[in-house]
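Okay, thanks for coming, everyone.

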Amino acid sequence: MTKKEQEKLVSTGEMLPLMEEFYTIQGEGFYKGIAAYFIRIGGCDVGCHWCDVKESWDAEKHPPSLTSSIVKKALDNSKTVVVTGGEPLMWNMNPITEAIKQGGGNTHIETSGAYEVTGVWDWFCLSPKKNKLPTLEAYKRANELKVIVYNKHDFKFAEEQAAQVGEDCILYLQPEWSVRDKMIPLMVDYVMQNPKWKISLQTHKYLNIP
Ligand SMILES: C[S@@+](CC[C@H](N)C(=O)[O-])C[C@H]1O[C@@H](n2cnc3c(N)ncnc32)[C@H](O)[C@@H]1O
Ligand SMILES: Nc1nc2[nH]cc(C(=O)O)c2c(=O)[nH]1
Ligand code: SF4
Ligand SMILES: [Mg+2]
């Protein structure tokens with residue numbers, strides 16, 4: 001296939017720049033603890049300085065793969081398929097979610113919400129970033145809001161973001177990994193004072209799994 005043909009398929013979402021795929025346990029948020037197949041799509045320009053997958057940022061480093069093949073492999077392993085990145089919403093997510101659902105799977109997304117929402121999602125995890133705020137549609141779609149706490153100013157940001165999501169959206173504060181020992185005590189106090197929030201930890205990192 002020529003580069004031009006590939007680019008066309010990427011633009012429709014029939015190919016995606018795949019960085020990695022792995023079957024593991026969802027470590028974070030509402031579905032923490034369940035087996036799930038992760039599809040990590042390359043490309044992100046949000047630029048969080050503490051991002052734990054900076055290798056994903058440059059989409060050019062992750063060659064396009066056929067969406068149908070990615071989905072087939074995922075569904076051979078698991079009914080729950082989590083699409084993450086990078087920033088998955090930089091790409092057209094319609095074909096991948098259609099294929100997952102057609103194969104009987106459940107579609108979950110991990111996103112900053114900074115780009116137009118495409119795809120049909122059974123579970124939408126919105127993790128907003130100050131650098132590039134979510135779209136109005138992303139706030140509407142969010143089933144869970146997962147705000148990363150890097151310093152004490154992030155509590156105010158978390159409240160501003162919570163004011164934008166729907167009533168049924170579940171609210172999580174998740175410590176930034178490198179400062180977890182410093183931030184967890186503040187988060188514990190905050191959640192006891194403000195019990196609409198829950199704490200989410202990156203449990204896969206404690207379990208030493210992907
Ligand atoms: C790597 S991001 C990919 C998906 C999307 N770009 C996003 O940010 O939601 C997956 C999740 O990990 C979180 N995350 C990334 N780096 C982290 C870190 N150092 N500590 C805690 N959570 C982190 C993100 O906020 C997001 O919820
Ligand atoms: N086990 C595990 N759970 C996760 N939940 C969200 C992740 C992500 O990077 O999007 C992630 C991840 O990278 N691994
Ligand atoms: S939006 Fe997500 S992938 Fe992009 S830099 Fe931030 S945490 Fe990393
Ligand atoms: Mg991760």
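So, let's start with S127: leaving out residues up to four places away in sequence, S127 touches E110, S112, K146 and I148. By contact I mean C-beta atoms, placed from the backbone, within 7 Å of each other. A caveat before I go on: this is a predicted model, where local features need pLDDT of at least 70, side-chain atom pairs count only at pLDDT 80 or more, and totals for chains, interfaces and linings use all residues. Residues are numbered from 1 along each chain as its sequence is written, while chains are lettered from A and ligands numbered from 1 in the order in which they are written.

Back to S127, which sits in the loop between β6 (123-126) and α4 (136-141). Helices (H or I, at least four residues) and strands (E, at least two) are DSSP runs, numbered from the N terminus. Is S127 buried or exposed? S127 counts as buried because it has 22 C-beta neighbours inside 10 Å; the cut-offs are 20 or more other C-beta atoms within 10 Å for buried, 12 or fewer for exposed, and partly exposed in between.

P128 is in that β6 to α4 loop too, and it counts as buried because of its 26 C-beta neighbours inside 10 Å. Beyond four places in sequence, P128 is in contact with S112, G113, L133, P134, V147 and Q161. The UniProt record, an unreviewed entry, has a "binding site" annotation on W50, C51, D52, G86, S127, P128 and K129. Such annotations may be inferred rather than shown by experiment.

Now the ligand. Ligand 1 has 18 residues around it, and D52, E110, S127, E176 and W177 come nearest; a residue is near if its C-beta atom lies within 6 Å. β4 (80-85), β5 (106-111) and β7 (144-149) each give at least two residues to that shell.

G13 follows α1, with a positive phi near 85°.

Overall, the protein chain has 7 helices and 9 strands, and 40% of its 210 residues are buried.

How values were computed:
Two residues are in contact if their C-beta atoms, placed from the backbone, lie within 7 Å.
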